[in-house]
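This report goes through one protein model site by site. The sequence and structure come first, and the notes follow.

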Amino acid sequence: MLKRLDELQDQALKQVEQAADSAALAQVESAYTGKKGEITTVLRSIGTLPADERKAVGEKANVVKQAVDAAIASRADALKASELGAAMQAGAIDVTLPGRPLPVGRIHPANQTLRELAAIWAEMGFQVYRSRDVEDDDTNFTLLNLPPHHPARDMWDTFHTTQPGVLLRTHTSPGQIHAMRQYAPEPIRIILPGMCYRYEQVSARSEVQFNQLEGLAVGYNIHMTDLKGTIVAFARRMFGEKVAVRFRSSHFPFTEPSIEVDVECFLCGGEGCAVCKKTGWLEIAGAGMVHPVVLKNGGYDPSKFSGFAFGMGPERMTMLRHGITDIRYFWGNDPRFLEQF
Ligand SMILES: [Zn+2]
């Protein structure tokens, strides 16, 4: 039996050495030291041997088993290393290849303009005041000096909700009422940016939703000259130090007097081009002195307080700047448009 064990050891070690891969090695292991392996069988049969042989055979079998186990373990390590090397060779990665580009998000062109406007007005001391998109009829119209019978209401086709008197704001001006009622009788210097909604036929020139940026200053001794100076200072920051600004008289129900503001066309420098329709001027804002009725509705005494307000369209400004001819691009969610900015 001892001789048989020597033979098994020799055979096993030889086969371990010859095993070409992990699978072959596993077969050798199962043939000798596995559950039904030959060395295992010898170890199990020790009980059946004559008593005087048991000790010697037992010791020898254990030595053989340990030797074979050790050889298998070391061969397994070696095979694993060489198999890993081969796998890496076969599936080699070229680390110098450029990676796959990840799409980078960006800020919507209208929001880019809004942020730029907010930064300029912040420099000039105007805080952002957020107001709601859903309004009541009173705040959107009546308190802004647009009573129910007022013909100017026809200018704004309104989205009404199923709840009578509740609508989507047609302009950012109702925010003026909220701000004044919150701050009166303190002075105010704010801008009110946000989305407005009008029930319009969607075309290249008009959309059912668009941003406005409104400004409001209320305090003592605020005059038309303050409004004009403020607008000019803004235009220089936005369009360049040398830009010319022009004021035309106009009418809005919530300001008196009212003006419209043009800047020298920044595309042609005032020479006249297709965008400025050969006039050399671009309209950028409507403005005026806050109407006494509006001041009163906001909680200020119009005999002591005065103020000015202005409103501009970030999309329109973006269109002028980039020569965009169709406002529908803004909310069309077409990456071919959005990725250009
Ligand atoms: Zn022009």
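## Zinc site

Along the chain, the donors of the zinc ion follow the spacing C-x2-C-x4-C-x2-C. They are Cys265 (SG), Cys268 (SG), Cys273 (SG) and Cys276 (SG), and they lie 2.2 to 2.3 Å from the ion. Donors here are N, O and S atoms within 2.8 Å of the metal (3.2 Å for Na, K and Ca); water is not among the atoms, so sites may look incomplete. The site is tetrahedral, with angles of 101 to 116 degrees among its 4 donor atoms; four donors count as tetrahedral if all angles lie between 85 and 135 degrees.

Cys268 counts as buried at 16% relative accessibility, and Cys273 is also buried, at 17%. Buried means under 20% relative accessible area, exposed over 50%, and partly exposed in between (1.4 Å probe, protein chains only).

## Basis of the model

The model is predicted: local features need pLDDT of at least 70, side-chain atom pairs count only at pLDDT 80 or more, and totals for chains, interfaces and linings use all residues. Residues are numbered from 1 along each chain as its sequence is written, and side-chain values use heavy atoms, with hydrogens and water left out.

## Helix H7

Helices (H or I, at least four residues) and strands (E, at least two) are DSSP runs, numbered from the N terminus. The buried residues of H7 are Pro174, Gly175, Gln176, Ile177, His178, Ala179 and Met180. They pack against several elements, including helix H6 (137–140), strand E4 (188–197), strand E5 (209–219) and helix H9 (292–297).

In the loop between H7 and E4 sits Pro185. A cis peptide bond joins Ala184 to Pro185, with omega about 5 degrees.

## Helices H5 and H10

The axes of helix H5 (residues 109–123) and helix H10 (residues 314–322) come within 9 Å and cross at roughly 105 degrees. H5 is therefore roughly perpendicular to H10, a label given to angles of 65 to 115 degrees. Axes are lines fitted to C-alpha atoms, for helices over the stretch in contact, and angles run from 0 to 180 degrees between N-to-C directions.

From H5, Pro109, Ala110, Thr113, Leu114, Glu116 and Leu117 meet Pro314, Glu315, Met317, Thr318 and Arg321 in H10. Contact means heavy atoms within 4.5 Å. The residues of this contact divide into 6 nonpolar, 2 polar and 3 charged. Ala, Val, Leu, Ile, Met, Phe, Trp, Tyr, Cys and Pro count as nonpolar, Asp, Glu, Lys and Arg as charged, and the others, Gly among them, as polar.

Pro253 lies in the loop between strand E6 (245–252) and strand E7 (255–264) and is buried, with a relative accessible area of 5%. Not counting residues up to four places away in sequence, Pro253 touches Leu144, Asn145, Leu146, His150, Ala152 and His291. Strand E7 holds Pro257, which is joined to Glu256 by a cis peptide bond with omega about -5 degrees.

Most residues other than glycine have a negative phi, and most peptide bonds are trans. Asn145 has a positive phi, near 70 degrees, and is buried at 19% relative accessible area. Asn221 also has a positive phi, about 55 degrees. Asn221 is found in the loop between E5 and helix H8 (224–239) and counts as exposed at 60% relative accessibility.

Conventions:
Parallel < 35°, antiparallel > 145°, perpendicular 65-115°, else oblique. Tetrahedral: all angles 85-135°; square planar, octahedral: opposite > 155°, others 65-115°.
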